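Have a look at the two chains below before you read on. We'll walk through them one at a time and then see where they touch.

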Amino acid sequence: MLIYIAKRIVYTLPIMLGVTLVCFALVHLAPGDPLIAVLPPDASEQMKQQLMVLYGFDRPYHEQFLRWIWRAVQGDLGGSIATNRPVATEVFKAVGNTLMLSAVATFIGFALGTFFGFVAGYFRDTVIDKSASFLSVVGVSVPHYWLGMVLVIIFSATLGWLPATGAGPGGSDAWAWDWAHVRHIVLPAITMSVIPMGIIARTVRALVAEILSQEFIAGLRAKGLSEFGVFKHVVKNTAPTALAVMGIQLGYLLGGSILIETVFSWPGTGGLLNAAIFQRDLPLLQGTILVLAMFFVILNLIVDVVQTLLDPRIQRS
Amino acid sequence: MTIKERPILEIKNLSVTFTAGRKPVRAVDGVDLSVARGEVVALLGESGSGKSVTLRTILRLHNERRTKMEGSLLVRGSDVLKMKTRELGDLRGRTVSMIFQEPMLAMDPVYSVGQQIIEVIRKHEPVSYEEARKRALHLFERVRIPSPERRLDAYPHEMSGGMRQRAMIALALACKPEILLADEPTTALDATVQVQILLLLRELQHELGLSVIFVTHDIGVAVEVADRIAVMYAGRIVEIGPVRSVIRTPRHPYTRGLLSTRGHGGRLSGKRLPAIPGSPPDLANLPPGCAFAPRCALADDRCRAQAPSPTTVDEGHVVRCLRTDATTQSLAAADVSA
């Protein structure tokens, strides 16, 4: 097992390298002048050249790339052009917030999704199944930024129960485990959980329905197991795939929450990316994408390992 | 035997109807069958004859929302069809257990074989995990699985077909059942492995005094294992009797057809293998008379009009056919010519 994990980790190295290359290329292929944000409109050509040299933009691309990688490996992602603060610090603070939000959202989505999925799968082709399936389709189809605004209108603007924006009281952007902070995460997390909820519900429903129709379920009943005893087997058979889907959904949420983070002014990577793109802040953009991509790769690694642990049929060699 | 012991299993006028489709399908239609303690009965028939459905009904394995079961099904005198969930749970796997056709599909793929045996033992008996594991190991030795200690931790997909079926037998026998239901247990196996599994089953049946219902479509297998043969056609038992009697003097035209379709070593090469003309009837749309009449060479107007009731033709040999006169005659003729 340990050998398997070690092998999987080695396999991720070329993926990570590829990711850095794509990430670097994308950022540099995009049109626009990276210095536009810091240079005054009437800056002289000489001043521009000086800055180009200072940030290293005058060097050939491959040299820029290698220098960037070399520093990144050492934990230095360069400095933001717009704010001059180190990118690594900015990114990791934002990643922490995004991770928090995504994890809570995935947890909600997973809990509700598996519940609906199991109920629908167990009561296949009944009204209960139809309602649960309808809910999951709605979950997947509803534009979540719209849902976010609706929730804000209801629970913040009208009822005044929960704050509409931010990650903590007084614009705090560091997470803490207290009620003031938890209150802030409720609405964005619920909004964000809707899509994974729908996808997990549909996956689990199909899995449960398929497993229940298999012969070994009759085999388990023939052994005298109670419905609950059979249910435990169904859960163990569902778990590998359900967890894999959950992991992938968490990955998507990590990288794809720009809209929700914007709606709720959540100080996460979404907001950071947004700012970086509009200000053409190349080091910040590159660094953020890189860290998110790494998280995605690591997450997939964890999912694979967990799946292998749970399902003996997956080859361990 | 002076006092006739009550049969351990008595099926009386059992009918099973599946109601899921647009039209209800009567898969089993008025089956009567008794099995004595220590007796082996083979249920013989082609696909769709209702043999497996009958077998699964004994453990009530059908989806009860979509199945109507009528009649009575007594195991040691208590009616399985009237049992409450808890009683049914105690019956299944303990008094009555089952061997499935495809052990690969009938075992949970994500649990090791040992865990699955330990599970059934601990479900029915208050023993510790270690104790149950020791019993599972002993069962594995009993069904002659090589290096049993290691095999206990194997998953179903890690075993060969024959080994899996041995494990399945171990699982079925784990709680010392009195009745064993075998649903084509050798059909999915290689011919050589089939023989080994049949021999093993027969040996265990003798040793443990099991009552067995053995479902098969293979007459050779039925003759090999059974004391009595029951031939099913379109949800009914059309002929039942001691193996010798049914094989030597088959009285139902369908049984005779089945026996003549066996490719025998002595058959002249170059001759066509005889087949029963036509195909089994649609169970959702049965003819009013005898279900076999449309395919039967002996059928007359009476056969097409009314379903035949059981007729005893010999000691313990019962046939549902209106033309037993004709089949008897031809048997006598065959005897003369021989």
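Predicted model: local features only at pLDDT ≥ 70, side-chain atom pairs only at ≥ 80, totals over all residues.

Residues are numbered from 1 along each chain as its sequence is written, chains are lettered from A and ligands numbered from 1 in the order in which they are written, and side-chain values use heavy atoms, leaving out hydrogens and water.

**Chain A**

How many helices and strands does chain A have? The count is twelve helices and zero strands. Here helices (H or I, at least four residues) and strands (E, at least two) are DSSP runs, numbered from the N terminus. The C-alpha trace of chain A spans about 85 × 55 × 35 Å along its principal axes.

**Chain B and its sheets**

Chain B has an open sheet of eight strands, ordered β6-β7-β8-β3-β9-β10-β12-β11, with mixed pairing. Two strands count as paired if DSSP finds at least two bridges between them. In chain B, β6 (96–99) and β11 (311–314) sit at the edges with a single partner strand each, so one side of each has no neighbour in the sheet. From one strand to the next, the twist averages 20°.

There's also an open sheet of four strands in chain B, in the order β2-β1-β4-β5, and its pairing is antiparallel. Its edge strands are β2 (25–35) and β5 (78–79) of chain B, each pairing on one side only.

| Strand pair (chain B) | Direction | Bridges |
|---|---|---|
| β9 (228–233) and β10 (236–242) | antiparallel | six |
| β1 (9–18) and β2 | antiparallel | eight |

You can find individual partners too: B:Ile229 has B:Gly241 in β10(B) as its bridge partner, and B:Ser15 stands opposite B:Asp29 in β2(B).

For the angles, axes are lines fitted to C-alpha atoms (for helices, over the stretch in contact), and angles run from 0 to 180 degrees between N-to-C directions. Helix α7 (161–173) of chain B touches β6 and β7 (179–183) of chain B, and its direction makes about 175° with that of β6(B). Helix α11 (253–260) of chain B lies across β3 (40–44), β9 and β10 of chain B, at about 105° to β9(B). Helix α1 (51–58) of chain B lies across β1, β2 and β4 (67–75) of chain B, at about 115° to β1(B).

**Where the chains meet**

In this model, 20 residues of chain A are in contact (heavy atoms within 4.5 Å) with 25 residues of chain B. About 2,000 Å² is buried between chain A and chain B, and carbon and sulfur atoms give 57% of that. Buried area is the accessible area (1.4 Å probe) that two parts lose on being put together, summed over both. A:Glu215, A:Lys223 and A:Pro312 supply 30% of the area that chain A buries against chain B, more than any other three residues.

The rule finds two salt bridges across the interface of chain A and chain B, each a side-chain nitrogen of Lys or Arg within 4 Å of a carboxyl oxygen of Asp or Glu. In one of them, the side chains of A:Lys223 and B:Glu119 meet (2.9 Å, N to O). On the side of chain A that touches chain B, the elements giving two or more residues are α8 (215–222) and α9 (227–255) of chain A. The largest share, seven residues, comes from α8(A).
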